[in-house]
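Let's take a walk through this model together. Have a look at it first, and then we'll go from one spot to the next.

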Amino acid sequence: MRERRPLGLLGGTFDPVHHGHLRLAEEAAEALGLTRVRLIPAGQPPHREQPASSPEHRLAMVALAAAGNPLLEVDAAEVASPRASYTVDTLERLRGEFGEMQPLVLILGADAFAGLASWHRWREVFGLAHVAVANRPGHAPHARRWPALLSPELDDACTSRLTADAETLKTAPAGRVMPFEMTPLAISATRIRELLARGQSARYLLPDGVLDYIGNHSLYR
Ligand code: ATP
C-alpha cells in the first residue's frame with residue numbers, strides 16, 4: 001500500500017480544554033508523524049457524568065484553543081448530534097469521510113486507554129483506527145508492562161498489535177497500538193473546574209483565550 005501520513009483523532013469532553021490536551025495533540029503529531037490532529041468534543045458522553053458546561057460552550061472553547069495552529073482542526077459532529085456519542089460510531093463516520101485507505105490514529109491518554117475494554121463495540125475500534133497511548137501522570141503504567149497491567153481483555157486484544165515504530169502506522173489504515181511518551185503534565189479538567197469553583201486562578205493551565213471565555217460566560221463557578 002502507498003504510504004500516507006496518518007490523521008490523528010483526539011476525542012474528549014474538553015470541560016474545559018487545557019494544555020494537557022494541546023500538548024498531547026502536538027506531541028502525538030510529532031511522535032507519530034501525523035498530518036493533522038482533529039479535536040472531537042463529545043456531545044453527550046456515554047461513559048461519565050454529564051459535563052459541567054454545555055456542548056456548545058465546550059466546542060467554542062476547543063475552537064478558541066485550536067485557532068492559530070494549522071495542525072489542529074475541530075470536529076463539531078458529536079456536539080451537533082442529539083444522540084450519545086460512541087467512539088466507534090465516530091470512527092465509522094470518519095472512515096466514510098476519509099476512505100478505506102487513510103490511516104487514522106485514535107490518540108488516548110493512559111487513563112482513557114485503561115477504560116477502553118468497557119466501551120461500546122470496543123473490539124471494532126482496532127478495525128477502524130490505530131490507537132496511540134500517551135503517559136499521563138497518575139495514570140501511567142510502565143510502557144513495557146501495559147496493557148497487561150490494565151486488563152487481561154485489553155492485553156489479549158493488544159499484544160499482537162503493539163508497535164514502537166511510527167512508520168508502521170503509515171503502512172496500514174488501522175490495527176496497531178502504539179505507546180508514546182509525552183512531556184508529563186499533571187493537568188486535568190477536573191482540577192481546573194475545582195480551582196475555578198473556589199475562585200482560584202487556573203492561569204497557565206489552559207490557554208488565556210479559553211480562560212477569558214470561561215470568565216465572560218461565568219462557567220465553572
Ligand atoms: P476530566 O478531569 O474532566 O476527566 P480530562 O482532563 O481527563 O477531564 P478529557 O477531556 O476527559 O480531559 O480527556 C480527553 C483525552 O485527553 C483523554 O484521552 C485523556 O486521557 C487525555 N488527556 C487529558 N489530559 C491529559 C494530560 N494532562 N496528559 C495526557 N493526556 C491527557
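Two residues are in contact when heavy atoms of theirs lie within 4.5 Å. Before using that, a word on what you're looking at: this is a predicted model, where local features need pLDDT of at least 70 and side-chain atom pairs count only at pLDDT 80 or more, while totals for chains, interfaces and linings use all residues. Residues are numbered from 1 along each chain as its sequence is written, and side-chain values use heavy atoms, with hydrogens and water left out.

Let's start at threonine 163. You'll find it in the loop between helix H7 (152-158) and strand E6; helices (H or I, at least four residues) and strands (E, at least two) are DSSP runs, numbered from the N terminus. Setting aside residues up to four places away in sequence, threonine 163 touches Thr168, Leu169, Arg176, Val177, Met178 and Pro179. Is threonine 163 buried or exposed? It counts as buried because its relative accessibility is 9%; buried means under 20% relative accessible area, exposed over 50%, and partly exposed in between, using a 1.4 Å probe and protein chains only. Its side chain also reaches the backbone nitrogen of aspartate 165, at 3.1 Å.

Now for the inside. A nonpolar core is a set of buried Ala, Val, Leu, Ile, Met, Phe, Trp, Tyr and Cys residues joined through side-chain atoms within 4.5 Å. The largest one here has 39 residues, and Leu32, Val37, Ile107 and Phe180 have the most contacts inside it. Elements giving two or more residues to this core include strand E2 (37-41), strand E4 (104-109) and helix H8 (189-197), but helix H1 gives the most, with 6 residues. Take phenylalanine 180: leaving aside neighbours within four places in sequence, its contacts include Leu24, Ala28, Leu32, Ile107 and Val133. Apart from this core lies another, of 24 residues, among them Ile40, Leu91, Phe126 and Leu154.

Finally, the ligand. It is surrounded by 22 residues, the closest being His18, Asp111, Arg136, Ala189 and Thr190; a residue is near a molecule if one of its heavy atoms lies within 4 Å of it. Strand E1 (7-12), H1, E4, helix H5 (110-114) and H8 each supply at least two residues of this shell. An N or O atom in the side chain of aspartate 111 is 2.6 Å from an oxygen atom of the ligand, and a polar side-chain atom of arginine 136 lies 2.8 Å from a ligand oxygen. On its own the ligand exposes 610 Å², and the protein buries 92% of that (accessible areas come from the Shrake-Rupley method with a 1.4 Å probe).

Terms used:
A polar contact is a pair of N or O atoms within 3.5 Å; within protein, one must be able to donate a hydrogen and the other to accept it, and residues adjacent in sequence count only if both atoms are side-chain atoms.
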